[in-house]
Amino acid sequence: MSAEFRQGGQSVVVDAGPDFRQQMLSNRIARLDGLLLTHEHNDHVAGLDDLRPFCFKQKSSIDVFGLPRVLTEIKKRFAYAFSDNPYPGVPRLELQEIQPGVAFKVGDMEFLPIPVLHGKLPIVGYRCEDVAYLTDVKTLSEEAYGMLGGLRRLVISALQPKAHHSHLTLEDALLEIEKIGAEKSVLTHLSHNFPPTADLVHQLPAGVEIGVDGGWV
């Protein structure tokens, strides 16, 4: 599961899961200026090798941003891309360390890493101007709430109806949405444990929508 921030001719994507290639093709994303990682779980990084077509086309490396712990894992799992004598054709990745609460820029876009907990694992979401993307969330700190004021759009995960050890439920997510107070909120990372979307939408309060593949917020 990925999300794209686009501004002008620049495109920055969050996470690269196993279906990263298909998502990029389906959404006609032909340029990539940077990749932001929320955490190191395989459903968020397994598609990193599919950055290589962007490297070929753009004739440059791709900046990959993540917490130090996450980047250490990336270097282990994709060691062939970081060899002193890499095989021709490997993805060219420039790893860039970030810290929660410390903003950084990718081209003309500025991103603020938002610290959240995925169960007990510290991960990050991202805010760019008045849009924030938070996935795999279980709990938010007061520090995180302070970084999420004045949002126009919030995208936040809601895994399933029943309690889960490392993810928000729908009820949990709606409480967070109310507390954060964005103008509009979009639910993502929903599992098959929910009823069909056409039925689920009637359970949602005004200003809350269900995210769809290729949708814009």
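**Briefing: the second largest pocket and its chain**

Phe20, Arg21, Met24, Leu25, Arg28, Ile29, Ala30, Asp50, Pro53, Phe54 and Lys57 line the second largest pocket. Two elements give two or more residues each to this lining: helix 1 (20-26) and helix 3 (52-58). The model is predicted.

**Pocket**

- The volume of the second largest pocket is about 200 Å³.
- Helix 1 supplies the largest share of its lining, with four residues.
- Seven residues of the lining are nonpolar and four are charged. No polar residue takes part in the lining.
- Among the charged lining residues are Arg21, Arg28, Asp50 and Lys57.

**Fold and dimensions**

- The chain contains seven helices and 13 strands.
- Its radius of gyration is 17 Å, close to the 17 Å that the globule rule gives for 217 residues, so the chain is as compact as a globular protein of that length.
- The C-alpha trace spans about 55 × 35 × 35 Å along its principal axes.

**Packing and surface**

- Of the 217 residues in the chain, 49% are buried.
- Among contacts with a separation of 6 or more, 56% join residues 24 or more positions apart.
- The chain exposes about 10,900 Å². Carbon and sulfur atoms supply 51% of that area.

Methods. Residues are numbered from 1 along each chain as its sequence is written. This is a predicted model: local features need pLDDT of at least 70, side-chain atom pairs count only at pLDDT 80 or more; totals for chains, interfaces and linings use all residues. Side-chain values use heavy atoms; hydrogens and water are left out. On a 1 Å grid over the protein atoms alone, a cavity is a set of points where a 1.4 Å probe fits but cannot get out, and a pocket is an open set with protein on both sides within 12 Å along at least five of seven lines; lining residues have an atom within 4 Å of a point. Grid points are joined across faces, edges and corners, and a volume is the space filled by probe spheres set on the points. The radius of gyration is taken over C-alpha atoms; the globule rule is 2.2 Å times the number of residues to the power 0.38. Buried means under 20% relative accessible area, exposed over 50%, partly exposed in between (1.4 Å probe, protein chains only). Contact means heavy atoms within 4.5 Å. Accessible areas come from the Shrake-Rupley method with a 1.4 Å probe; for residues, only the protein chains shown count as cover.
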